[in-house]
Amino acid sequence: MFEFLFKYPAEYFAEGRFIAVLSAWQLALLPLAIATLAFVVLGYFKLRGRTRNGDRMAIALLRGTALAVIVFSLSRPLLEVTAQMPQPGVVGVLLDNSISMGLADAELGSRSDFIVQQLDAESGSLLRNLQQSFDVRLFKFGAETKAISDIGAMDYGDGDSNLIEALRFAQAEMQGEPLAGLVVISDGALQPDESLDALLLALRSARIPVYSIGLGESRYTRDIEISQVKLPDAVLSGSRVMADVSVKQQGYDGLSVELLVEDDSRIVHRQQIRLQPGTRSFKIPLATEDTGPRQLEFHITAMADEQVPANNSRQAMLTVDNRKIRILYYEGEPRFELKFIRRAVADDDNLGVTGLIRTADAKFYRVGIESREELRNGFPITREELFAYDAIILGSVENSLLSREQQNMIVEFVSKRGGGLLMLGGRHAFSEGGYRDSVLQQIAPVVMPEQAQADFTRQIKIQLTAAALVHPALLIADSNEKSIARWLTLPPLTMVNPIRRIKPGATLLLSSPANEQGDAYVAMAWHRYGRGKVVAFPVQNSWIWQMHHEIELEDQTHELLWRQLLRWLTETVPQRLSLNLSAQKIHAGGVIELRSEVLQADFSALREVRPRAVLTAPDGSEQTITLGPHPSLPGVYEGKLRVADPGDYLAHVELDDQGAVTRGSETRLLVTPAGDEYFHAEMNDKLLRRIADESNGNFFAAKDADKLVDALENNDRGSRALLRLDLWDMPVLFLLLITLLSAEWVYRRWRSLA
Amino acid sequence: MKYAKLFLLFLMASLLPAVATSQSVLQDDQAQTSGQADAPPGNSHEFYFTRGIYSGEFDDYDEGGRWAVDYPKADHQFLIALKRLSVVDAYGSDNAIELTDPALRQFPLLYAVEVGSMSLTEAEALALRNYLLAGGLLVIDDFWGSWAWDQFLSQMQLVFPDRAIVEVPSEHPVFHAFYNIDRVIQVPNIRQGWAAQQGGPTHEYDGIVPHVRGIFDDDGRLMVLINWNTDLGDAWEWADNPDYPLKFSTYAFEIGINFVIYGMTH
């Protein structure tokens with residue numbers, strides 16, 4: 001009877017909650033309805049004749065209540081309740097189709113064997129148990145996700161496993177269906193990122209639990225893996241580059257193995273490394289000779305009993321430029337430092353140092369100029385002139401020799417143009433040059449003392465910090481060990497700028513020995529400022545490392561140091577036309593994102609142009625895409641290309657410029673049949689557990705897979721759903737309305753009223 | 001011409017007050033040492049005018065050695081001019097040093113005179129060779145005639161047996177680093193300078209034509225600058241003497257400063 005009158009069971013009303021959903025027009029009409037009600041009620045009190053006050057009140061009460069019932073219905077009341085739905089539950093099962101599923105583990109055998117055993121249409125025990133309680137939908141996921149009817153569609157050939165996309169796909173495919181949960185069967189070979197966080201939030205919000213079954217061993221007992229190689233995107237030809245190689249291993253503690261580095265199949269470096277427990281990073285110095293985009297392969301010979309030999313090699317890309325770096329060296333007085341820096345880089349075809357030296361008041365001498373017009377008017381006064389250089393060396397130049405505008409230009413040169421600034425020591429440098437409160441003080445990596453000490457002079461024995469040991473510019477011998485030994489024997493230098501502090505975020509590379517209080521003078525520090533780098537090298541005479549009687553004539557320390565320092569200072573200086581790829585390596589069929597920056601001579605953004613990105617395949621065929629402007633970054637243009645076939649590709653950007661075509665430097669893209677599936681190939685149980693936990697599901701090891709069905713059946717979601725039930729059409733409301741109107745009619749008849 | 005005279009007057013006026021000071025320094029130095037000046041106080045200055053002390057054939061007869069001719073007054077007066085006319089942070093006194101002294105390598109510009117009497121020991125030749133190959137610049141001055149040239153040549157062959165001595169062309173940066181010097185002129189000693197004013201010759205012995213010659217390194221940079229048949233040191237030393245012609249002192253200061261600026265930038 002209750003359900004007949006109120007449309008829904010009584011427990012719905014006990015557990016649920018009412019929601020009035022008024023549309024905008026209903027809300028607008030509500031005051032009108034109240035006013036009408038008041039008018040009607042007051043109308044009864046104005047009746048004259050035989051009516052008494054009691055009659056008026058009775059009729060008004062009946063009519064008013066009837067109107068209130070109508071207003072209640074019009075407000076479209078809802079009852080929100082979580083209810084068990086009568087439909088059968090649906091379960092989505094996502095199966096990992098990547099090649100790492102072919103790996104064999106000690107306990108499980110092949111990971112793909114598990115899928116056959118558990119989910120085969122005829123013999124799979126897990127599938128059979130699931131189908132007894134649920135409608136099961138199968139999906140396979142790799143680089144892409146597809147719905148499949150049975151596991152016969154699995155080939156375990158995908159080079160990538162995009163679990164995040166798979167979960168999104170399955171959720172979208174089964175939207176509107178009573179989903180008991182999603183089941184992921186995978187080794188979890190996925191690097192979590194921000195998109196995973198967003199997905200987990202969405203799953204939790206939609207109350208969709210994810211159950212994960214982890215395949216594989218969470219920790220191999222015997223494996224060596226080159227887990228990561230870090231290289232700069234581009235370096236100058238002849239530069240020494242420091243590769244940061246992470247090697248992870250289990251089972252070979254203390255073993256010495258050879259790390260080989262090949263450049264297009266030519267061995268360019270070999271080094272013995274001693275394996276340590278867990279993951280350890282090795283700094284590998286590499287010389288770069290051949291120009292163009294290089295493909296370097298880092299390789300450790302596989303052990304006979306290794307579980308995954310395929311992860312002993314890793315490739316990395318490096319673009320070796322052969323362009324000429326232009327450096328402006330500004331000196332406030334003649335100094336031997338200039339002479340010896342110029343000598344140090346004289347044989348380096350990639351470095352050109354132009355010197356501007358004040359020789360007398362208002363008299364300047366130019367050396368190393370490329371044209372008669374270069375620096376004719378002294379230090380540049382326009383951005384276009386200054387920004388033609390890649391780096392500035394500021395010698396013993398007092399603050400007053402640079403106008404505020406010129407100093408502001410130097411700040412922009414570093415922060416916006418991305419140039420390098422090297423601040424040398426000298427009697428007119430830093431605080432001693434009056435820079436304590438200058439514009440340039442803001443971008444220096446060191447804190448300049450408040451008081452200048454014009455009479456300060458110290459002979460400083462230079463010491464390396466820990467950061468310097470692995471700094472590519474400060475590696476002055478073939479190996480780290482030899483380099484450290486060489487630093488220890490270098491003669492002292494003169495310091496006339498007592499600087500003791502670096503700024504927060506700056507890196508201290510060289511210093512004097514600490515005194516009894518633990519204080520030391522800064523001899524070299526650097527930091528990034530905007531797009532560029534700023535280095536402080538507050539010593540007066542690094543040329544002593546060339547001229548000192550203890551330095552052998554054949555010694556190349558001074559030359560090497562300056563070449564490497566200037567190359568490192570300028571290695572990230574952007575070009576006016578550049579192309580960046582979203583990855584150096586993708587799998588076949590993947591999409592590469594291309595982004596180009598196009599700048600004018602003063603390095604401001606060049607708008608409204610149409611740069612073209614060209615991707616050249618190994619067979620010479622080209623894919624070209626016109627890049628579109630970035631929605632918010634001026635001068636940045638971007639686009640995407642899908643690359644179907646594996647191979648070694650070259651990419652560059654072109655721009656039509658007044659009838660000619662300007663071409664940017666080339667970068668390399670490696671397209672592989674497989675992605676990084678053999679790396680991090682152990683079961684990533686942490687990730688699988690996290691996905692399960694944060695979506696209110698469960699994680700199961702493969703051996704516990706039979707517990708999955710129970711977990712699904714007993715969860716409080718399954719086929720239960722959150723319902724919003726309409727109440728406006730409850731029979732009880734119509735009955736009440738009819739009763740009220742009838743009662744009014746009867747009352748009027750009884751009281752003989754009109 | 002009018003401006004040149006004004007410049008010379010200015011130069012003279014600027015030098016005169018300093019000469020008295022330099023002479024007192026000379027007396028102190030001579031009292032303290034047998035020629036070698038006090039070691040400079042560290043390396044706090046950018047430039048030290050350094051005079052090379054070498055073994056010479058007439059050392060036994062010539063008190064202090066031929067290396068010390070015009071020393072140290074010429075050095076002092078040159079430094080006064082250098083500091084007045086340029087912004088070079090120069091140590092204000094002389095700095096003589098033996099070729100075999102390890103500290104020589106801390107002074108990348110070296111001045112030597114009267115090399116016609118030079119008689120290098122094996123150690124001196126090796127030290128000088130290493131100094132020059134490391135990046136030092138040797139400026140030779142005040143030796144005259146073919147006999148002195150031959151002697152100097154024989155000494156240079158001990159240092160660089162296989163490097164040629166060539167004429168430095170007038171367009172070379174060494175002639176334009178500070179002043180534009182278009183023509184090499186012969187600078188006489190005090191006696192010849194006075195004679196020249198009377199119409200006499202400026203040369204000594206058979207050194208009639210002045211030369212600026214050089215020895216270059218493999219990259220075309222000057223290692224040795226040879227001022228032959230000329231005496232810049234005397235012009236510096238006697239710049240304060242009214243009897244010494246100003247045009248020679250002016251030229252000597254100009255080319256001397258050019259040598260320093262070139263030596264500090266190339």
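Predicted model: local features only at pLDDT ≥ 70, side-chain atom pairs only at ≥ 80, totals over all residues.
Let's start with helices in chain A. Two packed helices are described by the angle between their axes and the distance between the axes. Take H4, residues 53-74 of chain A, and H19, residues 731-750 of chain A. Their axes lie 9 Å apart, and the packing angle is about 160 degrees. An angle over 145 counts as roughly antiparallel. That makes H4(A) roughly antiparallel to H19(A). The crossing of H4(A) and H19(A) is left-handed.

Who makes that contact? On the H4(A) side, look for A:Ala58, A:Ile59, A:Leu62, A:Arg63, A:Thr65, A:Ala66, A:Val69, A:Ile70 and A:Ser73. On the H19(A) side, the residues are A:Leu733, A:Leu736, A:Leu737, A:Leu740, A:Leu741, A:Ala743, A:Glu744 and A:Tyr747. By class, the contact of H4(A) with H19(A) has 13 nonpolar, two polar and two charged residues.

Next pair. H9 covers residues 336-345 of chain A, and H16 covers residues 557-570 of chain A. Their axes come within 8 Å. They cross at roughly 85 degrees. H9(A) and H16(A) are therefore roughly perpendicular to each other. H9(A) brings A:Phe340, A:Ile341, A:Ala344 and A:Val345 to the contact. H16(A) brings A:His558, A:Glu559, A:Trp562, A:Arg563 and A:Leu566. That contact of H9(A) with H16(A) splits into six nonpolar, one polar and two charged residues.

Now the strands, still in chain A. Strands of a sheet pair through backbone hydrogen bonds, either parallel or antiparallel. One open sheet has three strands, in the order S10-S12-S15 of chain A, with antiparallel pairing. Which strands are at the edges? They are S10 (223-230) and S15 (278-287) of chain A, and each pairs on one side only. Neighbouring strands of this sheet are turned by 25 degrees against each other on average, direction ignored. S10(A) joins S12, residues 240-250 of chain A, over seven bridges, in the antiparallel sense. For a landmark, find A:Gln228 opposite A:Ser246 in S12(A).

Move on to S17, residues 313-321 of chain A. S17(A) pairs with S11, residues 234-236 of chain A, through three bridges. That pair runs parallel. Here A:Val235 stands opposite A:Val320 in S17(A). S17(A) also pairs with S16, residues 292-300 of chain A, through eight bridges. This pair runs antiparallel. The residue facing A:Gln295 is A:Met317 in S17(A).

On to the backbone. Most residues other than glycine have a negative phi, and most peptide bonds are trans.

Spot one is A:Ala362. Its phi is positive, about 60 degrees, although it is not a glycine. You will find A:Ala362 in the loop between S19 (351-360) and S20 (363-367) of chain A. Is A:Ala362 buried or exposed? Count the other C-beta atoms within 10 Å: A:Ala362 has 7. The cut-off for exposed is 12 or fewer. So A:Ala362 is exposed.

Spot two is B:Glu114. This residue is not a glycine either, yet its phi is positive, about 55 degrees. B:Glu114 sits in the loop between S3 (109-113) and H3 (122-134) of chain B. Run the count again: 25 other C-beta atoms lie within 10 Å of B:Glu114. Buried takes 20 or more. So B:Glu114 is buried.

B:Pro72 is in the loop between S1 (50-53) and H2 (73-85) of chain B.

Now chain B overall. Chain B holds seven helices and seven strands. Along the sequence, the pattern reads α-β-α-β-β-α-β-α-β-α-β-β-α-α. Chain B has 266 residues, and 50% of them count as buried. Take its contacts between residues at least 6 apart in sequence: 78% join residues at least 24 apart.

Last topic: where the two chains meet.

Terms used. Residues numbered from 1 in each chain as written. Chains lettered and ligands numbered in written order. Axes fitted to C-alpha atoms, helices over the stretch in contact; angles between N-to-C directions. Helix = DSSP H or I, 4+ residues; strand = E, 2+ residues; numbered from the N terminus. Parallel < 35°, antiparallel > 145°, perpendicular 65-115°, else oblique. Left-handed = near helix turned anticlockwise from the far one by under 90°. Contact = placed C-beta atoms within 7 Å. Nonpolar A, V, L, I, M, F, W, Y, C, P; charged D, E, K, R; others polar. Pairing = 2+ DSSP bridges.
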